[in-house]
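Hello,

Here is the structure I promised to pass on to you. Please have a look at it first, and then read my notes below.

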Amino acid sequence: MPHHTDAAPGIMIELLPWPAHSPDFLPIDNTWSMVAQRLTQITPSVSTSAQLWQRVEASWSAVLQEHIQSLIESIPRCVSALISNNAGYSGY
């Protein structure tokens with residue numbers, strides 16, 4: 001099994017055999033997807049970068065902590081599904 005030590009010299013961390021940036025179980029990816037979806041539903045469209053940033057902040061703030069917590073709590077199930085499917089599509 002590969003190991004990675006760049007982040008913590010002297011500490012060996014066992015890596016799982018699939019890409020490190022798997023969107024299947026990263027809560028931040030799911031959260032940003034929710035923010036992006038909210039942004040597409042807001043009208044009228046923005047005309048300045050400041051307006052866009054205000055909307056991003058408002059959309060981000062509207063994400064419920066309970067939703068983020070449920071995403072975090074789903075990680076073990078997602079990892080199990082990925083392992084069962086040999087790092088293929090897991091349904092998450």
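Let me start with a question: does Trp32 count as buried, partly exposed or exposed, going by its relative accessibility? Trp32 counts as partly exposed, because its relative accessibility is 42%. The terms here are set by relative accessible area, with buried meaning under 20%, exposed over 50% and partly exposed in between (1.4 Å probe, protein chains only).

Before the rest, a word on what you are looking at. This is a predicted model, in which local features need pLDDT of at least 70 and side-chain atom pairs count only at pLDDT 80 or more, while totals for chains, interfaces and linings use all residues. Residues are numbered from 1 along each chain as its sequence is written, and side-chain values use heavy atoms, with hydrogens and water left out.

**Confidence**

The pLDDT is the predictor's confidence in each residue, from 0 to 100. For the chain its mean is 79, and 71% of the residues reach 70 or more. Among the elements, helix 2 has the highest mean pLDDT (93), whereas strand 1 (residues 3-4) has the lowest (46). The pLDDT stays below 50 over residues 1-5, yet this stretch has 15 contacts in the model beyond near neighbours in sequence. Contact here means heavy atoms within 4.5 Å.

**Overall layout**

There are four helices and two strands in the chain, in the order β-β-α-α-α-α from the N terminus on. Helices (H or I, at least four residues) and strands (E, at least two) are DSSP runs, numbered from the N terminus. The chain has 92 residues, and 20% of them count as buried. Of the contacts with a separation of 6 or more, 50% are between residues 24 or more positions apart.

Trp32 lies in helix 1 (residues 27-41) and Trp60 in helix 2, so the pair ties together parts that are 28 residues apart in sequence. Trp60 counts as partly exposed too, at 34% relative accessibility.

Ser59 is also found in helix 2 (residues 49-61). Ser59 is buried, with a relative accessible area of 5%, and touches Val35, Arg38, Leu39 and Ile42, leaving aside residues up to four places away in sequence. In the loop between helix 1 and helix 2 you will find Pro44, which is joined to Thr43 by a cis peptide bond with omega at about -5°.

**Helix 3 and its partners**

Helix 1 and helix 3 pack at an angle of about 145°, with their axes 9 Å apart. Axes are lines fitted to C-alpha atoms, for helices over the stretch in contact, and angles run from 0 to 180 degrees between N-to-C directions. On the helix 1 side, Pro27, Asn30, Thr31 and Met34 meet His67, Ile68, Leu71 and Ile72 of helix 3. These contact residues divide into five nonpolar, three polar and no charged. Ala, Val, Leu, Ile, Met, Phe, Trp, Tyr, Cys and Pro count as nonpolar, Asp, Glu, Lys and Arg as charged, and the others, Gly among them, as polar.

Helix 3 (residues 65-73) also packs with helix 4 (residues 75-84), at an angle of about 35° and with the axes 5 Å apart. Here Leu71, Ile72 and Glu73 in helix 3 meet Ile75, Pro76 and Arg77 in helix 4; this contact has four nonpolar, no polar and two charged residues.

Best wishes
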